Structure formats: C-alpha cells, structure tokens
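Please keep the structure open while you read.

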Amino acid sequence: MYFEELGTPLAIATLIGSLFLLAALSLALVRIVRGPTAFDRIVALDLTGGICLCVIVFFAIHFDQPVLLDAAFAIALVSFLATVAFARYLGGGGEQ
Amino acid sequence: MSLIVAIFLIVGAFFAFVAALGVIRLPDFYMRMHAATKAGAFGATLLLLAAAIHFGSMRASITSLLIIVFFYLTTPIAAQIIAQAAYRTKVPLWGKTGKDQLAEDEGSESPREES
C-alpha cells in the first residue's frame, strides 16, 4: 500500500490530486469517443497529452525521482507536434 | 515547504480537472478548445512549479521552467492553428454566439448551428 503514510500533507495531496487527474482523463476520453467532429477529438487528445504530463509530474514527486521530469519534457514537445500535424492535415494544408 | 507543494498539487490537478470538465460540457468546438488550452496549460504550470519546489535542486528547477516556457509558447500556437483549420472547414459555431468578426470582415456567412 503506497499511501500508508497518509498523515503527511504531501501524501494526502497526492491522493486527492490523482483522483482529480483520473476524473479529468475519463472526461477527456469520453469527449474523444463522442466528439461530433474530428477537431473535437484532436483537442481532447491534446488535453489527454497535457494530463499525462501532469500524471508524470505526480509520479516524479511521489516516487521522488526528478529524472521523470525529462519524460514530461518529451511529452510537452511531442503532443504539440501531433496537434499541429493533425490540424494541417484536416484543414487542407497551405495558406488561404 | 511540503504544505506549499501539497497546495500547488491539489490546485493544479483541480485546474486540469476543470479543463476536462469544460471539454465535456461546453456547447461548441471553439469553446471546448478555449477551455482545454488555457486551463490545461495553467494546471500543468502549477504542477511543474510544485515539482520545482519539492525537489529544490537546480536541475529539476531548470527542467520544470523549460517545460513551462515551452508549454506557454506552443499551446497558443496549436490552439490558433487548430481553430483556423476548424473555421475554414466550417465547423459550426454555437447558435447563440454573439458576434463573428471574421465572417463580417470577409463578407461570408457565419457557420452557425441551428439554435
């Protein structure tokens, strides 16, 4: 059980924050499934990437591993590129 | 110090939750994009600040600061590009949207959904 030291404020905050992030991830996934247009799905996917970054930061703090912040940096780089590529693809590319 | 980190963690996660709530609840695509980009970036920023305070080392602080700067540079660009692509392909606005300046400037019809 990871939360046996539930007395410290950091452990409580990690627990509550993880629940918030879990709810956020579920809502974003619902929008990905339901989204009426492809653009809704892309925005929800972008938000999912941001929430994954938040989850990695939570891991880094909870397991006390600052190396994990590099993984967060990689996610911040890649999710942006995916969003731009999808937008150019669906929007017909070039200038108008 | 751990109390500050705890507060930042809870508030940041709450903002990420608010972003997802906006994405699921708001009525048209443009509002959803607005909620996802602004609130999502702010929540991630608070969490990264919490990480920087918690670790306290130079390396973790610089990495966090880099992620924050990069997030604030890229999120508006991605939002702008995707909103432009959506508007060009005529994704409908909410029926009760007040003003569509771009349609007025170009003399074209605003893509609204039936209200």
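1. Is Ile42(A) buried or exposed? Ile42(A) is buried, with 25 other C-beta atoms within 10 Å. The cut-offs are these: a residue is buried if 20 or more other C-beta atoms lie within 10 Å of its own, exposed if 12 or fewer, and partly exposed in between, with C-beta atoms placed from the backbone. Ile42(A) sits in helix α2 of chain A. Leaving out residues up to four places away in sequence, Ile42(A) touches Thr83(A), Phe86(A), Ala87(A) and Ile82(B). Two residues are in contact if their C-beta atoms, placed from the backbone, lie within 7 Å. Ile42(A) and Ile32(A) are 10 residues apart in sequence, and their C-alpha atoms are 7.8 Å apart in space.

2. A word on the source. This is a predicted model, in which local features need pLDDT of at least 70 and side-chain atom pairs count only at pLDDT 80 or more, while totals for chains, interfaces and linings use all residues. Residues are numbered from 1 along each chain as its sequence is written, and chains are lettered from A and ligands numbered from 1 in the order in which they are written.

3. Chain A has three helices and zero strands. Along the sequence the pattern reads α-α-α. Helices (H or I, at least four residues) and strands (E, at least two) are DSSP runs, numbered from the N terminus. Of the 96 residues in chain A, 38% are buried. Among contacts in chain A with a separation of 6 or more, 41% join residues 24 or more positions apart.

4. Look next at the loop between α2 and α3 of chain A. Asp64(A) is found there. Its phi is near 60 degrees, a positive value in a residue other than glycine. Most residues other than glycine have a negative phi. Asp64(A) is exposed, with 10 other C-beta atoms within 10 Å. Pro66(A) also lies in the loop between α2 and α3 of chain A. Pro66(A) is partly exposed, with 19 other C-beta atoms within 10 Å. Beyond four places in sequence, Pro66(A) touches Ala60(A), Phe55(B), Ser57(B), Arg59(B) and Ala60(B).

5. Now the contact between the chains. It takes 45 residues from chain A and 48 residues from chain B. On the side of chain A that touches chain B, α1, α2 and α3 of chain A each supply at least two residues. The largest share of that side, 15 residues, comes from α1(A). By class, that side has 32 nonpolar, nine polar and four charged residues. Here Ala, Val, Leu, Ile, Met, Phe, Trp, Tyr, Cys and Pro count as nonpolar, Asp, Glu, Lys and Arg as charged, and the others, Gly among them, as polar.

6. How do α3(A) and α3(B) meet? Their axes come within 9 Å and cross at roughly 10 degrees. Axes are lines fitted to C-alpha atoms, for helices over the stretch in contact, and angles run from 0 to 180 degrees between N-to-C directions. α3(A) and α3(B) are therefore roughly parallel to each other. Angles under 35 degrees count as roughly parallel, and those over 145 as roughly antiparallel. The contact includes Phe73(A) and Phe80(A) of α3(A), and Phe70(B) and Phe71(B) of α3(B). It has 17 nonpolar, four polar and one charged residues.

7. Within chain B, helix α2 (residues 29-55) and helix α3 (residues 58-88) pack at about 175 degrees, with axes 9 Å apart. That makes α2(B) roughly antiparallel to α3(B). The contact residues divide into 19 nonpolar, five polar and no charged. The axes of α1(B) and α2(B) come within 8 Å and cross at roughly 165 degrees. α1(B) and α2(B) are therefore also roughly antiparallel.

8. Last, the core. The largest nonpolar core has 65 residues. Such a core is a set of buried Ala, Val, Leu, Ile, Met, Phe, Trp, Tyr and Cys residues joined through C-beta atoms within 7 Å. Its residues with the most contacts inside it are Cys54(A), Val57(A), Ala16(B), Ala51(B) and Ile82(B). The largest share, 16 residues, comes from α2(B).

Conventions: Parallel < 35°, antiparallel > 145°, perpendicular 65-115°, else oblique.
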